[in-house]
Amino acid sequence: SYTKTNPIPNKRIVFSMTTNAVLLDRYMTFLVDNQFELLISLDGGEHNQSYRMFKNGDNSFNTVIRNVDKLYGAFPSFFRSNVKFNSVLHDRNSIKEADDFIFGRYQKHPLTNELNVFGVAAGKQEEFRKMFHSKSKEFGLMSVEDKRKYSNQSSLLR
């Protein structure tokens, strides 16, 4: 409310956030009313999303999809202009799977990023190596047609 009542000349204030969308249904009206720019983390379909779990070990996929679908249906104009997706590449998904799922469902191409290589605990490095997939290596294995189709994933892939 402060930024709305105290505008800064020649400046545009933008609210943005990255979310796993688990609590999106609780706050979507606030986010829409305040024109937040949302980056939703979604790694693809249910198996692709299976590293994103609740404390009890359940996959968050169904909750996330229900919430994203609710936002998509209730506020289509906001969704078109203010929502983007981010997929993290790992051993349970691929650039193609994430893009095909998200574009097929929401008509949006996700950004794709690799797992963060910094701060991996010493005892988890072998597990991390198994999970990690290189975007450039995956892109290098694609057909020419797929390279063209998925080159929007990163300027580095072009």
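Contact is taken here as heavy atoms within 4.5 Å of each other. On this criterion, and not counting residues up to four places away in sequence, Phe 103 touches Lys 108 and His 109. The model examined is a predicted one.

Phe 103 lies in helix H5, which comprises residues 95-106. Because buried residues are those under 20% relative accessible area and exposed ones those over 50%, Phe 103, at 36% relative accessibility, counts as partly exposed. Leu 39 is 64 residues away from Phe 103 along the chain, and the C-alpha atoms of the two are separated by 15 Å.

The length of H5 agrees with expectation: at 1.5 Å a residue its twelve residues should span 16 Å, and its end C-alpha atoms are 16 Å apart. The buried residues of H5 are Ile 95, Ala 98, Asp 99, Ile 102 and Tyr 106. Viewed down the helix axis, these buried residues fall within an arc of 95°, so they line one face of H5. Their cover includes the helices H3, H4 (76-82), H7 (135-141) and H8 (144-150), together with the strands S3 (83-89) and S4. Just after H5, Gln 107 adopts a positive phi of about 55°.

The packing of H5 against helix H3 (residues 61-74) was examined separately. The two helices pack at an angle of about 35°, and their axes are 12 Å apart. On the H3 side, the residues in contact are Phe 61, Ile 65, Val 68, Asp 69 and Tyr 72, and these meet Phe 101, Arg 105 and Tyr 106 of H5. Sorted by class, the contact consists of six nonpolar and two charged residues, with no polar ones.

Strand S4, which is part of the cover over the buried residues of H5, belongs to an open sheet of four strands. The strand order is S1-S2-S3-S4, and the pairing is parallel. The edges are formed by strand S1 (16-19) and strand S4 (111-114), each of which pairs on one side only. From one strand to the next, the twist averages 25°. S1 and strand S2 (residues 37-41) run parallel and are joined by four bridges. Within this pairing, Thr 19 has Ile 40 of S2 as its bridge partner.

Methods: Residues numbered from 1 in each chain as written. Predicted model: local features only at pLDDT ≥ 70, side-chain atom pairs only at ≥ 80, totals over all residues. Heavy atoms only, no water. Buried < 20%, exposed > 50% of the residue type's maximum accessible area, 1.4 Å probe, protein only. Pairing = 2+ DSSP bridges. Axes fitted to C-alpha atoms, helices over the stretch in contact; angles between N-to-C directions. Nonpolar A, V, L, I, M, F, W, Y, C, P; charged D, E, K, R; others polar. Expected span 1.5 Å × (residues − 1). Arc of directions from axis to C-beta.
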